[in-house]
Amino acid sequence: MNKTMKAVYNAAVVLAATLAAMGIGALVFAAVGADVVKAYGVILTEPLKDLIGITEIAVRAVPLTLIALGIAIAFRSGTLNIGAEGQMLMGILASSAAAIALPDLPKPLLIPLAVLAGAAGGAVWGAAAGILKARLGVNEILSTVMLNYIAAQFYTFLLRGPMMDPEELVTGSGTPQSVRIPRAAWLDRLLPGTRLHAGVYIALVLAVVVFILLWRTSAGFRMRAAGAEAKAARYAGIRVERYVVAAMLLSGAFAGIAGAVEILGVHRRAIEGVSGGYGFTGIVVSLFGGLHPAGILPASLFFGLLLLGADMTQRLADVPANMVLVLQGAIILAIVSARQFMNNPYVQDRLARRLARIRGRPAPNPIPGSPEACPDPSDSPDPCLADEPAALAGGGSRDVRPEDQR
Amino acid sequence: MNAGSFILNILILGVPFSVALLLAGLGETINQRSGVFNLGCEGIMAMGAFLAFLPPYFLAKTPLAPSANLIGILLAVAAGALLGLLFALVVVTFRAPQGIAGIGLQMLGWGTAGTLFRRYVGGVTGVTGIPSLPIPGLSRIPILGPILFNHNPLVYLAFLLVPVFWYILFKTPWGLKVRAVGTYPRAADSLGIPVARVRYQALALGGAMAGLAGAYLSLAQAKMFADDLIAGRGFIAVALVYFGRWNPVGIMGGALLFSLAQSLQLSIQVAGIDFPYEFAVMLPYALVIVVLALVRKARMVGPAELGKPFDREQRV
């Protein structure tokens with residue numbers, strides 16, 4: 001297969017995955033009796049129609065970027081962090097507690113402190129899952145899911161109890177929320193009349209930091225090595241367990257920062273429903289962005305659009321906003337399926353063979369190692385081992401595989 | 001309330017609470033024995049719970065009302081099997097990583113159930129649910145009667161399925177195939193066992209069981225549907241499989257342990273013992289983590305190829 005064909009092939013895979021995900025979405029749209037075209041139209045274009053919509057996309061993209069960056073760190077290091085939701089809540093608690101406890105600090109000191117407190121809160125929650133995995137072999141997916149439920153309960157406990165705004169008791173409304181954080185801890189709004197806040201800069205800077213960490217430092221290289229092939233990394237002297245804990249700790253810290261930024265920039269007090277599924281959407285953003293900061297930034301904007309668009313379909317097309325979960329689930333399934341086909345030389349080769357047969361051309365040369373390259377295992381030298389001269393010289397016998405026996 | 005009736009109450013509540021975990025856990029055991037780790041269980045349960053809830057909700061005042069529960073259960077089981085097959089397509093045929101694919105399936109199932117629920121039902125509404133069926137004679141035995149023999153039919157079914165699943169897994173040719181493709185798929189393949197087909201079958205069965213577990217939650221336990229009805233029970237069921245060492249009898253023990261923890265938590269609240277509500281709700285989730293940390297050594301008896309896609313063309 002030549003280069004153009006490969007590009008066409010990869011584009012076809014992406015197109016097929018997109019159609020599959022949108023098809024699943026369309027089924028559910030149809031099931032709720034919505035006009036599928038109109039519903040997709042509302043989701044994908046309605047938020048872009050005015051300045052408020054565009055800034056609101058960016059407001060949603062900030063926590064999504066931060067969470068997705070953290071998940072990418074964990075993913076690249078071989079752990080799957082499903083716990084961003086809980087880590088974000090712990091970050092919110094820590095950062096708002098810090099801001100409320102130190103109201104007299106000047107702004108240049110209080111904001112970094114509050115953000116760092118948030119990072120610490122999330123880091124503790126993430127590291128807990130990392131240590132459980134490294135020391136006791138606890139599956140990190142299950143432990144982070146459970147830590148999400150525990151964090152959610154702990155969050156409501158604090159907001160209904162120790163951290164509740166005393167005003168709420170006086171007025172008797174009993175809304176579970178903390179007092180407003182001091183003005184010195186507020187992140188500035190960038191455009192008057194919108195909620196776009198300075199957290200955008202934090203997200204952009206941290207995206208660069210993550211790129212440098214993972215691809216330009218030796219620690220990042222070791223993390224990626226531990227994630228790509230733990231056994232090989234261990235032989236190379238990398239302490240895989242240590243990097244598992246480090247990755248989960250960092251991943252949690254990023255989710256915690258996302259929580260802190262959301263409070264300091266948008267809500268200005270700890271309230272219920274802040275996380276609103278960002279922890280789960282962040283997983284999709286991270287995968288969609290190819291687990292790389294350069295992909296995560298546009299991906300978070302796209303999913304910011306999707307989240308806002310889904311809110312709007314509720315009003316304009318009478319489709320419940322839960323629909324965004326359906327689309328996210330379908331997108332995850334489509335991405336992980338498509339990844340097995342992208343740049344897969346074996347599938348490309350088989351496809352090229354079939355195309356050649358249809359067009360009546362001679363079949364292209366099989367790639368080494370494919371079943372087509374080994375018509376008979378007794379043949380010697382073995383073309384499967386073309387890239388292993390030592391084995392070829394020794395004439396070592398190989399296992400007979402089912403395909404070879406045809 | 002004296003101590004005796006307090007404990008009796010915990011046990012009477014605990015047995016039916018264990019059923020959803022038990023049904024989903026049995027299905028997940030089959031999945032994992034075949035080498036596939038299905039985290040989408042939670043999402044399948046959500047779909048099952050919603051679909052089972054629909055017929056009793058819509059058919060309440062029609063002539064079909066008496067069989068509405070049965071229709072609901074069948075719908076849930078069928079949808080569960082279909083979602084299991086969808087998962088098989090992704091992780092067996094396309095060989096996608098199972099952990100993240102499971103999370104995708106969970107979102108898909110949960111989101112679809114929530115979307116359809118808000119569109120067609122809206123608020124939380126109750127259904128009559130499945131009535132309990134005391135077993136004549138046996139249910140009158142003091143203490144044991146109310147604990148074991150005074151429940152709805154699904155409770156009896158779930159406990160009867162424990163030996164059935166044990167038999168299927170360890171005494172039938174199909175069970176042997178399931179264990180073989182989960183332990184050493186290459187050897188199974190060389191003996192002519194169709195690895196992919198067996199995994200598809202196992203995932204369909206596991207999905208059907210998760211659907212049934214969801215139906216139990218909405219029709220028998222809660223007698224209503226809400227977005228967060230499942231509340232992590234699917235994930236707990238997956239954890240239970242580790243705890244129960246991939247053995248149906250062990251799963252039953254684990255499910256009872258968790259349901260007793262839950263009914264203890266409820267009884268504490270009912271008895272008015274001063275204990276923050278939120279910490280009581282945390283209890284089962286924290287228990288999962290503790291249990292997973294303790295069963296580490298049991299890993300050895302697990303299916304060797306758990307979580308690894310099989311590619312017969314891959315070089316060893």
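These legends describe close-up views of a predicted model.

View 1. Chain B holds 12 helices and 2 strands. Read from the N terminus, its elements follow the order α-α-α-α-β-α-β-α-α-α-α-α-α-α. The C-alpha trace spans about 65 × 45 × 40 Å along its principal axes. A compact globule of 316 residues would have a radius of gyration near 20 Å; chain B has 20 Å, so the two agree. Of the 316 residues in chain B, 51% are buried. Among contacts in chain B between residues at least 6 apart in sequence, 79% join residues at least 24 apart.

**View 2. Helix α4 of chain B, residues 98-120.** The helix has 23 residues. At 1.5 Å a residue it should span 33 Å, and its end C-alpha atoms lie 32 Å apart, which agrees. α4(B) is mostly covered, with 19 of its 23 residues buried. Gly122(B) follows α4(B) and has a positive phi, near 90°.

**View 3. Packing of α6 against α11 in chain B.** Helix α6(B) covers residues 153-171, and helix α11(B) covers residues 248-270. Their axes come within 8 Å and cross at roughly 150°. The crossing angle is over 145 degrees, so α6(B) counts as roughly antiparallel to α11(B). From α6(B), the contact uses Val162(B), Phe165(B), Trp166(B) and Leu169(B). From α11(B) come Pro248(B), Val249(B) and Met252(B). The contact residues divide into 7 nonpolar, no polar and no charged.

**View 4. Helix α10 of chain B, residues 233-243.** This helix is mostly covered: 11 of its 11 residues are buried. Among them are Arg233(B), Gly234(B), Phe235(B), Tyr242(B) and Phe243(B). In chain B, the buried residues of α10(B) pack against α1, α2, α9, α11 and α12. They also pack against α6 of chain A. Just after α10(B), Arg245(B) takes a positive phi of about 50°.

**View 5. The contact between chains A and B.** Chain A gives 41 residues and chain B gives 45 residues. On the side of chain A that touches chain B, the elements giving two or more residues are α1 (3-31), α5 (107-136), α6 (140-160), α12 (278-288) and α14 (323-338) of chain A. α6(A) gives the most to this side, with 11 residues. The residues on the chain A side divide into 28 nonpolar, 11 polar and 2 charged.

Key: Residues numbered from 1 in each chain as written. Chains lettered and ligands numbered in written order. Predicted model: local features only at pLDDT ≥ 70, side-chain atom pairs only at ≥ 80, totals over all residues. Helix = DSSP H or I, 4+ residues; strand = E, 2+ residues; numbered from the N terminus. Expected span 1.5 Å × (residues − 1). Buried ≥ 20, exposed ≤ 12 C-beta atoms within 10 Å, placed from the backbone. Contact = placed C-beta atoms within 7 Å. Nonpolar A, V, L, I, M, F, W, Y, C, P; charged D, E, K, R; others polar. Axes fitted to C-alpha atoms, helices over the stretch in contact; angles between N-to-C directions. Parallel < 35°, antiparallel > 145°, perpendicular 65-115°, else oblique. Rg over C-alpha atoms; globule rule 2.2 N^0.38 Å.
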